[in-house]
Amino acid sequence: MYSPQSLHRWGITHSESMERLAYSQALRDPMAMERTNLLNMAKLSIKGLIESALSFGRTLDSDYPPLQQFFVVMEHCLKHGLRVKKSFLGFNKSLWGPLELVEKLCPEAAEISASVRDLPGLKTPLGRARAWLRLALMQKRLADYLRLLITRKDLLSDFYENSALMLDEEGAVIVGLLVGLNVIDANLCVKGEDLDSQVGVIDFSMYLKNDIDDYRSEERNSQIASILDQKNYVEELNRQLNSTVHGLQGRVDNLEKSNTKLIEELAIAKNNIIKLQEENQQLRSENTLIVLKTQQHLEVTQGDASVERDTYKQSRQGLDEMFSDAQRQLKEECQLRQDVENELVVQMSMKQEMELAMKLLEKDIHEKQDTLIGLRHQLDEVKVINVEMYQKMQSSDDEMKKKNDVITRLEEKTNQITATMKQLEQRLQEAERHRTSAEEGTRRFKLDFANKADSLQRQIEHREKQLQQLDTDLKIEREWRVTLQNDLDRERDAVSQLSTEALQINGLKKEFHRLHDENIQLKTICEDQEQALEELGSKLSESKLKIEDIKEANKVLQGGQVWLKDKEASNCKLCEKEFSISRRKHHCRNCGEIFCNSCSDNELPLPASPKPVRVCDTCHALLLQRCSSNPT
């Protein structure tokens, strides 16, 4: 195992070790090696085009060499992994097929496709594809169109193989780099160019830099790298938050509403970041326009000064007035320059505000974590509420006891009323007995007794009504008691469920901490293993490059390449397909072996021949890798 301190002592950074690991993996897979080489070439061409265009200071035309090399590199990137379509005349690789899909995905691209089809000088699909790339760059929508294209991998799979650059991560990286070309203004004449017969050869001499350029580019790269590191840090934080939210979403069902709100706020924050980036790009474009205007003003003033010098030589009249006018114009230009510098300072302040906005986003993320803690406090408050409900339950039991006492009292009263009724009946019996003995007295008091009997009957009916009301009240009290008992049972079940959920949450927390510790341990082990693999891969790559250099030197000493005869080869060495009338034989100018057209459709300049010559796919990949690893 190699520690990070040892790697730092040997001068190996993390990015270099990752590149070496990618290179060691690419050596095993030729398609992966081609993808990495094309990605590196795209980075160099886009970076060189932006830097040269900003220093050039005006709109670019079709004769500008870095712009031509950019289109050549883009053509190679789009051709990588393109499926071969069979036709009557043979096999054909066409870029126009996948580019036509953009018209269906984005209606705004229909105008470009229609204008490409209407051009009279284009006869081949390759020429139409080249014209489409130039028109999209002039429209400043090339990155947007290709982003829509790579998102629909189900459609691209009909035109590209599975290991093609457009279907892998390198395609997304190249599309992200193309966004920087929106600051460039291009004025290209597509009608006058012969796009059908152009030969797309990459010129590596444009990307060889001296020490001064390397020093300047290192300063610029350090500034850009610091900004990208901050952006990647914020993106990593957002990804980690999203992963934690999605992991806890299935286990905590009661917090789904709060999680959806957090996700919406994150989406709004991302939209704000995108808007701020677009505003930053607009400010940069306005800055370039202001610089161009100042340069145009300076050129106009220089032309005026030259005219004034000629007039001064012809006649010296009005010399003082012209001199004063020139001084005044110089002051105005200096004032304009100061204004431009002030605007640059304002833009730097805007950039600082962007950084503050990113920090505020981080604070928002911490606040959202605090809201999660607040939700946990709310769970504790729910527990307190459950305790209060239990106390209310006890108070309701006390009230039930009091009502039972009232019912017992009412029963005692009913017993007293029944006793009085019995006494009245006994009195009636005595009155009947006395009736036989005193009929005459009864006749006299008959009216009075009848009245008394009616009053007593009314009292009896009234007592019966009271008894019925008491019975209904007893039934109501019993039903209310049953409902209270059911409510108590429900509250007890809810309390038991909450206690079980609390225990489950505690168990989930313990499992989360245990898995987090195991993840940290596995990350440390993986980092150590990756560092060891990176060092081994770098050593293997250096040894392979030395072996290839020794082989080439041996070939030169032995007197040139050994060409394989046509009679000795009946099949292609790479794809092993049999040669026929439609599939012809082609020699590789580097290794001397015989290949078919699809396996040797590459051209590169060799040390023996400065002009581009035909090479096979394996030699093409090795030469590109050698050029990218040893640019000097």
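Among contacts in the protein between residues at least 6 apart in sequence, what percentage join residues at least 24 apart? The figure is 68%, where contact means heavy atoms within 4.5 Å.

This is a predicted model, in which local features need pLDDT of at least 70 and side-chain atom pairs count only at pLDDT 80 or more, while totals for chains, interfaces and linings use all residues. Residues are numbered from 1 along each chain as its sequence is written, and side-chain values use heavy atoms, with hydrogens and water left out.

**Figure 1. Overview of the protein.** The protein has 16 helices and 6 strands; these are DSSP runs numbered from the N terminus (helices H or I, at least four residues; strands E, at least two). Of the 632 residues, 26% are buried (buried is under 20% relative accessible area, exposed over 50%, partly exposed in between; 1.4 Å probe, protein chains only).

**Figure 2. Serine 52 in helix H3 (residues 30-56).** Serine 52 counts as buried because its relative accessibility is 16%. Its side chain makes a polar contact with the side chain of tyrosine 64 at 3.2 Å. A polar contact is a pair of N or O atoms within 3.5 Å; within protein, one must be able to donate a hydrogen and the other to accept it, and residues adjacent in sequence count only if both atoms are side-chain atoms. With neighbours within four places in sequence left aside, serine 52 is in contact with Tyr64 and Pro66.

**Figure 3. Leucine 82 in the loop between helix H4 (65-79) and strand E1 (85-86).** Leucine 82 has a relative accessible area of 4% and is therefore buried. Tyrosine 160 lies 78 residues from leucine 82 in sequence, but the C-alpha to C-alpha distance is 4.5 Å.

**Figure 4. Packing of helix H5 (residues 96-105) with helix H7 (residues 125-139).** The two axes are 9 Å apart, at an angle of about 45°. Axes are lines fitted to C-alpha atoms, for helices over the stretch in contact, and angles run from 0 to 180 degrees between N-to-C directions. H5 and H7 are therefore oblique to each other (under 35 degrees is roughly parallel, over 145 roughly antiparallel, 65 to 115 roughly perpendicular, the rest oblique). The contact is made by Trp96, Leu99 and Val102 of H5 and by Pro125, Arg128, Ala129 and Trp132 of H7. By class, these residues are 6 nonpolar, no polar and 1 charged (Ala, Val, Leu, Ile, Met, Phe, Trp, Tyr, Cys and Pro count as nonpolar; Asp, Glu, Lys and Arg as charged; the others, Gly among them, as polar).

**Figure 5. Buried residues of H5 and their cover.** Trp96, Gly97, Pro98, Leu99, Leu101 and Val102 of H5 are buried. Their cover includes helix H6 (110-118), H7, helix H8 (142-151) and helix H9 (153-156).

**Figure 6. Packing of H8 with helix H10 (residues 169-178).** The axes come within 8 Å and cross at roughly 160°, so H8 and H10 are roughly antiparallel to each other. H8 contributes Leu142, Ala143, Leu146, Arg147 and Ile150 to the contact, and H10 contributes Gly171, Ala172, Val175 and Leu178. The contact of H8 with H10 has 7 nonpolar, 1 polar and 1 charged residues.

**Figure 7. Serine 600 in the loop between strand E4 (594-595) and strand E5 (602-605).** Serine 600 counts as buried because its relative accessibility is 0%. Apart from neighbours within four places in sequence, serine 600 is in contact with His586, Phe595, Arg614, Val615, Cys616 and Asp617. The C-alpha atoms of serine 600 and leucine 574 are separated by 9.5 Å, and the two residues are 26 residues apart along the chain.
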